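Hi everyone, thanks for coming. Let me put the sequence and the model up on the screen, and then I'll talk you through what I found.

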Amino acid sequence: MPAVVINTHAGHELDAVSDAVDDVNVLKAKIWDSQSEFDSTKDKTTFRQYENACDRVKNFYKEQHEKQTVAFNIKARMEFKSRKRVRMGVWQAMEMLNTLVDDSDPDTELSQIEHLLQTAEAIRRDGKPEWMQVTGLIHDLGKLLYLFGSEGQWDVVGTDTLLDSRIHSSSAALSPKKIYTPGTFAGNPDFHDAVYSTQNGIYEPNCGLDNVMVSWGHDEYLYNVVKDQSSLPAEGLAMIRYHSFYPWHREGAYTHLMNEKDRVALEAVRAFNPYDLYSKSDEPCDTEKLRPYYEGLIAKFFPSEIDW
């Protein structure tokens, strides 16, 4: 029987490799919240210019602000839970969405698949982890609601607000010109409600955003679709759920309702926002060239088909 040669250094070498892998994993876990680099030369003052937006955008926000009521939001959530719309893969969903141009967006006229790819590519260029790339790729797929029988674009896209808590006026915390067309909430039947117009509304301080009702739209819809059908981390789910919640993550509103979980979510959403906002340009991506890479990425985090 041949002699067995034992490498006395093997254990140390394995430990060294294991430690190196752990170090890399720690770095990979941290890199998602590092400063974005792709937008360092962009003039950010040219984005989100609602005051100078076309009538299509201004009319959209007026309609949204008048119709996003508490009663509608309760009804929309009940309808979501009561039925499934279609079963399909993520890339198929992107192709399905490609017919939509978002009436709320003053920054681009490109189709949705272009915006999704632009966002994901900017995240990829900055060396962010794969889960964040795929989050960027899918973050607006909730806009499929528009094709699934929504009442219009007003209950699908646009900037999210918080229902039941100083509804829409947000006068103490927001700069309305940055997000809203001033005065457009006056036609909302909840606007003058004695309870909803108080600071806390029906909520308790520090109750956490999981326990409040953010206006129904593509963010909340997609979050509910993917939270149990993907392996995305909590940070990715927060990026999806709150990326349109500008009063919160950009203007500092509703902090009195936050808990510790929300503070982690806020950090994630703020890390994601530059890629969603400043990657927009009118230069199209080569969809077919990029498709193999992103289909492979999708397969790491999603089954081949999910319920929508």
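First, some housekeeping. This is a predicted model, where local features need pLDDT of at least 70 and side-chain atom pairs count only at pLDDT 80 or more, while totals for chains, interfaces and linings use all residues. Residues are numbered from 1 along each chain as its sequence is written, and side-chain values use heavy atoms, with hydrogens and water left out.

Okay, the overview. The protein has twelve helices and four strands. Of its 308 residues, 51% count as buried. Buried here means under 20% relative accessible area, exposed means over 50%, and partly exposed is in between, with a 1.4 Å probe and protein chains only.

The accessible surface comes to about 14,700 Å², and 53% of that belongs to carbon and sulfur atoms. Those areas come from the Shrake-Rupley method with a 1.4 Å probe, and for residues, only the protein chains shown count as cover.

What about contacts, meaning heavy atoms within 4.5 Å? Take the ones between residues at least 6 apart in sequence: 82% of them join residues at least 24 apart.

Now the inside. In soluble globular proteins, nonpolar side chains tend to be buried together. I'm calling a set of buried Ala, Val, Leu, Ile, Met, Phe, Trp, Tyr and Cys residues a nonpolar core if they are joined through side-chain atoms within 4.5 Å. Which residues touch the most other members of the largest core? In that core of 52 residues, they are Ile138, Leu141, Leu232, Phe302 and Trp308. Helix α5, residues 112-125, supplies the largest share of this core, six residues. Apart from it lies another core, with 21 residues, including Val70, Leu209, Ala265 and Val269.

Let's zoom in on helix α8, residues 218-226. How many of its nine residues are buried? Eight of them, so this helix is mostly covered. Among the buried ones are His218, Asp219 and Glu220, along with Tyr221 and Leu222. And what do they pack against? The answer is α3 (70-82), α6 (130-138), α9 (234-242) and β4 (306-307).

Pick out Val225 in that helix. Val225 is buried, with a relative accessible area of 3%. Leaving aside neighbours within four places in sequence, Val225 is in contact with Phe80, Ile306, Asp307 and Trp308. Val225 and Phe80 are 145 residues apart in sequence, yet 9.6 Å apart in space, C-alpha to C-alpha.

On to the rings. Rings of Phe, Tyr and Trp (its six-membered ring) pair if their centres lie within 6.5 Å; planes under 30 degrees apart count as stacked, over 60 as edge-to-face, and the rest as tilted. By this rule the count is nine aromatic pairs. One of them is Tyr242 with Trp248, edge-to-face, at 5.1 Å centre to centre and 65 degrees between the planes. Tyr242 is buried at 4% relative accessibility, and Trp248 is buried at 0%.

Ring pairs also link Tyr242, Phe245, Trp248 and Tyr254 into a cluster. Trp248 lies in helix α10. Not counting residues up to four places away in sequence, Trp248 touches residues including Leu209, Ala265 and Val269. Tyr254 sits in the loop between α10 (246-249) and α11 (260-278). Tyr254 has a positive phi of about 70 degrees although it is not a glycine, and at 6% relative accessibility Tyr254 is buried.

Asn206 has a positive phi too, near 60 degrees. Is Asn206 buried or partly exposed? At 46% relative accessibility, Asn206 counts as partly exposed.

Last stop, the surface. Met96, Tyr146 and Leu147 form a nonpolar patch, with about 230 Å² of accessible area together. Like charges are joined within 9 Å, and nonpolar side chains (Val, Leu, Ile, Met, Phe, Trp, Tyr) within 5 Å. Met96 lies in helix α4, residues 90-97, and is partly exposed at 31%.

Notes:
Helices (H or I, at least four residues) and strands (E, at least two) are DSSP runs, numbered from the N terminus. Contact means heavy atoms within 4.5 Å. Patches are made of residues with over 30% relative accessible area and no salt bridge: like charges are joined within 9 Å, nonpolar side chains (Val, Leu, Ile, Met, Phe, Trp, Tyr) within 5 Å. A salt bridge is a side-chain nitrogen of Lys or Arg within 4 Å of a carboxyl oxygen of Asp or Glu.
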